[in-house]
Each structure stands twice: as C-alpha cells, then as structure tokens.
Amino acid sequence: MWDHEADVVVVGFGGAGATAAISAAAAGAKVIVLEKNAEGGGNTRFSGGTIRTFLDMDKAADFIEALCDGTTERDVVETFVHESSKNPEWIQQMGGEIVPHQAKTRDTRRYPHSLTLAAFPSVLGAEGIGPRVRVKGGGEFAGIDLWGVLLRNVVANANIRILYAAPASRLIVDTRDEVTGVAAVSGDHEITVSAKRGVILTCGGFEYEQTMHRNYLGQSFYGLCNPGNTGDGIVMAAEIGADLWHMNGSAATFGYKYPEFPFAIRHSMPSAGFIYVDQAGTRFMDETGTDMHLMWAPAGHIDVLTLKRPRSPSYVIFDEDTRLRGAVSAIGHGKVSDVYQWSKDNSAEIKKGWIKSAGNIADLALQINMQPDRLQASVAKYNMDCVGGYDPEMGREPHTLIPLGRPPYYAMDIWPVLFNTQGGPKRNAKAQVINVRGKPIKRLYSAGELGSLWHKNYPGAGNVSEALAFGRIAGKNAASELPLTD
Ligand SMILES: Cc1cc2nc3c(=O)[nH]c(=O)nc-3n(C[C@H](O)[C@H](O)[C@H](O)COP(=O)(O)OP(=O)(O)OC[C@H]3O[C@@H](n4cnc5c(N)ncnc54)[C@H](O)[C@@H]3O)c2cc1C
C-alpha cells in the first residue's frame, strides 16, 4: 500500500521541520522528512536568524497577546514565551554557540527601543521583551549559521531520512478522520508515505503565491527568500477541514526587483541621507523611524478615486555622499546572496541601470517618469527641514535629518517585499492543527510560519523563535501518539 513508512512524517525541511524531526527522533520516532526543493533550509537558511530572549515572561506574554489583537489564545502565547525562552539552551545542546545579535552600525533606522530592537515599545508589557541573540558563525546574517547547526544534527541522526525534491501534495485521512500519511510527487509519479503516529506540516508560508497575496494580504508582493514557499500547506490542511488564521498577517519591507532574478533584493541604506517619495514625487512616511517589518502598511496605500497604488513602487532618492557610504542593499540577506554580490560603492548597479543617476533633481525625476517640479519641491523642503532640525510632515528624528546635498543624485524603484507570511492552519498550544469546528484534527500538527501565532503586528525575531519552539512541541507530541494499527 505505502511506498515509505515512518512513525512521524514532517512536510518541509526548513527551521521548523528540522527541529520537529530532531525532537520526534529524540522521542524515539522513525522520521521521514519530505522536502520540495533539492536542498533544505527554506526561508530559515537565508534569514537574519535572530532569536528573541525575554526579561519577564508574564510581561512578554501581555505584550505579544496585545500585538496579536485578540486573534491568538493566551495559552498559545504563554506556551510560545516559555518554550522559546529555552531556544538558546537547546541550540547549545545541539552544538551551536549563542552570542548577542549586534545591530549593524551602518543601520540608520531609528529603533524605537534600543535595548530590544523590537517594534511597538509603547504597548503594555514591552519591557518584558529582551534582546535578540544569534548563533555564532561566519554569516553576516545568522540564518546560515543556525541552519548549519540544524542540518548537522538531522544528517547525523540515523532515525531521520530526508526525501528531497518530493513536494507533498495531499494529506491522507482514514475513515475515522485520522491523518495516516502524506502523498507526494517524486519525479513524474505519486508516492505515499505512511505516518503511524502523526504528520507535522512545516512547509512555510505563501511568499511566492501572488493570487493568495491579493486575496488575503490585499496587495501583491515579491518574495525575498525561498521560492518553494507557495502555500501548499494551506491547501493541504484546508482540504481536510482545517481552520485558517492570520491569513492577512505578514512581515514585509522594501526591496528591489529585477528580471534577472525570481526573488527580490533587500533595500537597506548605509546612511540616513535619503528620502522615499511616491509616484507623484511626494514624501509619505518617516523613512528612518518605521520598523522594517511593517512596510506593507505604507506601501499598500490605495488612491480611492483611481484605485491605483501610488506607492507600489515608491522611489528612494539619495545623493553622492550616501552612495559612497556603502551598498544600498543588505548584502548577504535573502536568497539573492546565493547568486549576486552587490558592489560596496554601488557602482556596478549604476552601470547596470538598476540605480538611475543625474546631475540635478529635475533630470533625475525625468528618468523615473516623475514631474520634475514635484520632486524638486520635495527635496528642497526636506533639505530645509534638515537645516532646521525639524521634520514637521513626517516626524523624522533630528539626528536622521541629513540633507541631499552633493550631486549626482540617485533614484531606485522600491517595492513591498515579503520576509514571510504568517497565515495558515490554526494551531493550539500542543501544536495540533484545529478544524473549522475548533477541534484538533487527529494526528496532524504544525510549526513555523505556516499558521504562525503572529498576526499583523510583528515585532521582529519572532518567527525563528516560533519555528524552533513549536517545532520541538510538535515533534514531541506527534512522536507520543499511540501508533496506528493496520
Ligand atoms: C531575509 C529574511 C530575514 C529574516 N530574518 C528573521 C530573523 O532575523 N528572525 C526571525 O525570527 N525571522 C526572520 N525571518 C523569518 C523567518 O526566517 C521565517 O519565518 C522562518 O525561518 C520560517 O521557518 P519555517 O521552517 O516555518 O519555514 P522555511 O524555513 O521557509 O521552511 C519551509 C520548507 O518547506 C518546503 N516546502 C514548501 N512546500 C512544500 C511541500 N509541498 N512539500 C515539501 N516541502 C515543502 C520549502 O521548500 C522549505 O524548505 C526572516 C525572513 C527572511 C526572508
């Protein structure tokens, strides 16, 4: 009947899947991991890899509950805080070394909370949130180092087998409504894998499914990371009656998109000497004071008369001093780091035409099809505000008011791009997937960004923490199910 047999089948080999597999195997289960791509890592491998710590768990739970805006039950939040507080110790047990996350000195954003580097410092309980940590290693961004630790532990475990290039296509359910296995595609045929104890869905979000973006997030995005994340787990779980939650939640920033690559490149400025303008040449936000995960909000603006989206794309405008301070991209962050190295002085990207340049603002405007007088007026007003040290329109902090002085001037299109989506099948504190009637679907678990506990207000460093915490819970609980009898 079955092509392969295991106690626990894990769908998706990213951070949550690797952790779930390690945890299930530690509880004595034989595990098969199905991965869609030819290699594992998913979003986790190319991420910042930062992990949240807590200073006070009760206050942290109050904070997270408030951010989730009534959509995530208190026991799920508390379980997250308690279990994820063990992440650093668990990683050390796995052979990784935990070190503080150092914010980049080149980073010009005004973090609202300098200790925690978390958004929403005024929300009740924010003082319970601790600093970020990361796995020590050679990566400028720590996802690669975290993935190294997870991969080593999975590969060394004789009870875990990985089937690569085997995208799961559906869940197999018996007549008692118990999930008994998974069907997947291997080459040009279907294979079936039996799960005697349970199935764990860890196959990520829908960063590369634009129809879902429009339906659930209300706007289209480009993806920054793993093109394998196309919402397959949502389809598979919904097909057997799972409830969905947080489908309108995402963490999104600004990025560049060029036809050379299927994924976007992260935008990041080396100095505060820049502004954003919309397609009419008008500034629209505090460029340095808005948390990077929340750019979906300003970028999603719709003109209610024309139904056009004047901030998608928007434009970043900067001068020669800023250009010479460093790359205008977060080198090493995201999938692009596999295939492209941004030049340190941006000269290669100017030559490619990715960065438009001109000797004066009026000529620059013409290059991006903008009315010259509108862009000139915005830059002149911003420069005046810099002299006065006060930004009455957007409220930028005085120390970030650096004028656009020395020509040439530069412009680039910036688009809303996804770190990750949050939606998917709803889960409870035991990591069980819940059906539309509020009951657990028998023997079905989930972890990671697929059906994350986070909603729209994402404070940073929460998704990797969750992937590890709920990966462990799901692995342990699936492995402890009584085995199905034939
Ligand atoms: C640039 C960037 C930086 C980030 N930085 C941070 C950070 O610093 N801290 C933080 O907390 N979060 C961060 N995030 C978010 C975080 O990385 C992810 O939310 C988290 O790693 C998700 O882990 P996961 O295991 O759920 O999914 P993934 O790691 O994406 O793994 C999912 C896996 O499932 C596979 N898959 C998909 N469909 C199928 C299928 N049908 N069958 C089998 N396999 C399938 C995919 O190919 C993939 O390998 C960042 C994200 C990005 C893109």
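**Domain arrangement, ligand shell and a helix pair**

The C-alpha centres of domain 1 and domain 2 lie 32 Å apart. The model is predicted: local features require pLDDT of at least 70, side-chain atom pairs count only at pLDDT 80 or more, and totals for chains, interfaces and linings use all residues. Residue numbers start from 1 along each chain as its sequence is written.

Domain 1 covers 4–249 + 422–479 and domain 2 covers 252–418 (bounds from an automatic or database domain assignment). Between them, 22 residues of domain 1 contact 31 residues of domain 2 (C-beta atoms, placed from the backbone, within 7 Å). The domain 1 side of this contact has nine nonpolar, eight polar and five charged residues (Ala, Val, Leu, Ile, Met, Phe, Trp, Tyr, Cys and Pro count as nonpolar, Asp, Glu, Lys and Arg as charged, and the others, Gly among them, as polar).

The ligand is surrounded by 44 residues (C-beta atom, placed from the backbone, within 6 Å). Gly12, Gly14, Gly42, Gly48 and Gly448 are the closest. By class, the shell has 15 nonpolar, 25 polar and four charged residues. At least two shell residues come from each of H1, helix H2 (42–46), strand S17 (409–421) and helix H14 (463–479) (DSSP runs numbered from the N terminus; helices are H or I, at least four residues, and strands E, at least two).

H1 (residues 15–26) also meets helix H6 (residues 143–155). In H1, the contacting residues are Gly15, Ala18, Thr19, Ala21 and Ile22. Their partners in H6 are Leu146, Leu150, Leu151, Asn153 and Val154.

Definitions and conventions. Axes are lines fitted to C-alpha atoms, for helices over the stretch in contact, and angles run from 0 to 180 degrees between N-to-C directions. Two residues are in contact if their C-beta atoms, placed from the backbone, lie within 7 Å.
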